Amino acid sequence: MLPEEDLYQEILDEVCKQKISDFLTKSRRDVIKALAGNKKLNHGELALAVGTSVASLSNRLVKFDEFEYKLLDSESEGKFRYYYLTELCKKYLESSNRDQATQESAKILQHEVLQLKQRLKDLLEEFKNLYEDDWEIKLDDALIARIECQEIENSEGERLVDDFIIGIEKLLLYDYDNYSIIVLQMLQNNILRARVARFMEQYEAFLPILEAGNDGENLMHIFGQLADIVKLCRRSEESMAERVGIPGEDTLYSKIGYILGKVEHLDKQSINDWFMRYMAGNKALSAFMAQIISND
């Protein structure tokens with residue numbers, strides 16, 4: 001026989017949850033809320049907590065007694081009867097709270113994604129307005145410069161391209177497969193689509209690092225792994241077998257090695273700027289890469 005807690009968990013399926021939700025009118029839900037947190041209240045205390053009369057509360061309690069699932073229980077202590085939530089009701093509240101938190105997180109995420117998509121469209125429009133008929137050629141040149149790690153001049157157009165790229169990367173962090181398609185659909189020119197797709201492929205190598213870096217507790221560990229990769233990139237080919245264990249590590253190793261060969265001669269700030277373009281604007285990771293590469 002299952003322990004009581006496991007039995008209640010098994011009973012609380014989706015059908016049960018839906019029936020309880022349908023049963024809990026606002027007035028009945030007030031009773032549940034008043035008893036949440038392992039509270040035990042007698043009839044008078046519960047009526048006061050709910051904000052109703054003792055007679056009205058009695059009518060509500062009758063409805064609970066008639067309901068097919070036992071949500072309330074009671075026990076006598078002296079001359080009073082105390083009411084409390086059953087384990088099933090507690091499980092229902094826990095599950096409902098989780099569902100609500102998940103829904104709220106999904107809404108926040110959807111809002112953030114919509115803002116990012118609009119930001120990308122706005123940046124693209126700014127770039128078009130800046131260069132007018134030449135905007136596609138200018139954007140193509142700028143993307144090539146970033147793919148090849150060429151020198152980037154300081155201009156309004158280059159800033160817009162950097163912001164556009166970092167916006168793409170932040171969007172891809174949410175869902176690479178789906179949003180990479182959406183990003184490419186923003187561009188009508190097939191050459192630009194191919195160029196952005198190539199940049200996204202290079203960026204994809206950094207995804208495991210960025211995803212792990214979102215967890216503050218892992219950050220020092222990630223720093224250590226990146227430092228190890230830079231050290232290995234600077235050694236001879238025979239050291240390739242010593243690579244550290246990171247998901248997608250071979251690709252990450254080759255990408256960092258490629259960028260390293262292009263930027264190692266630059267000053268610390270320039271190196272930082274380059275890694276900002278590949279790490280979705282992550283200041284901590286970019287600054288760290290600049291630090292270890294410049295040996296500062």
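Visitor: Which exposed residues lie on the face of helix 2 that is turned away from its buried side?
Guide: That face carries E14, V15 and D22. Exposed means over 50% relative accessible area, buried under 20%, and partly exposed in between (1.4 Å probe, protein chains only). The model is predicted: local features need pLDDT of at least 70 and side-chain atom pairs pLDDT 80 or more, while totals for chains, interfaces and linings use all residues. Residues are numbered from 1 along each chain as its sequence is written, and side-chain values use heavy atoms, without hydrogens or water.

Visitor: What places the buried residues of helix 2 on the same side?
Guide: The buried residues of helix 2 (residues 14-23) are C16, K17, I20 and F23. They cover an arc of only 130° around the axis, and therefore lie on the same side of helix 2. The arc is taken from the directions that run from the helix axis to the C-beta atoms. Helices (H or I, at least four residues) and strands (E, at least two) are DSSP runs, numbered from the N terminus.

Visitor: What makes D13 a cap of helix 2?
Guide: A side-chain oxygen of D13 lies 3.3 Å from the backbone nitrogen of V15, at the N-terminal end of helix 2. A polar contact is a pair of N or O atoms within 3.5 Å; within protein, one must be able to donate a hydrogen and the other to accept it, and residues adjacent in sequence count only if both atoms are side-chain atoms.

Visitor: How is helix 4 arranged around its buried residues, and which elements cover them?
Guide: H43, L46, A47 and V50 are the buried residues of helix 4 (residues 43-50). Their arc is only 100° around the axis, so they share the same side of helix 4. What covers them includes helix 3 (26-35), strand 1 (41-42), helix 5 (54-66) and strand 3 (80-85).

Visitor: What is found at the start of helix 4, and what just after helix 4?
Guide: At the start, a side-chain oxygen of N42 comes to within 3.1 Å of the backbone nitrogen of G44. Just after helix 4, G51 has a positive phi of about 85°.

Visitor: Why does K40 count as partly exposed?
Guide: Its relative accessibility is 41%, and K40 therefore counts as partly exposed. K40 is in the loop between helix 3 and strand 1. Leaving aside residues up to four places away in sequence, K40 touches E45, E75, Y82, Y83 and Y84, where contact means heavy atoms within 4.5 Å. With E75, the side chains make a polar contact at 2.7 Å.

Visitor: What makes the space lined by L143, I165, I168, E169, V196, F199 and M200 a cavity?
Guide: A cavity is a set of points, on a 1 Å grid over the protein atoms alone, where a 1.4 Å probe fits but cannot get out; lining residues have an atom within 4 Å of a point. The search of the whole structure finds one cavity of 30 Å³ or more. The largest cavity holds about 50 Å³ of space. Helix 8 (156-174) and helix 10 (190-204) are the elements that give two or more residues to its lining.

How values were computed: On a 1 Å grid over the protein atoms alone, a cavity is a set of points where a 1.4 Å probe fits but cannot get out, and a pocket is an open set with protein on both sides within 12 Å along at least five of seven lines; lining residues have an atom within 4 Å of a point. Grid points are joined across faces, edges and corners, and a volume is the space filled by probe spheres set on the points.
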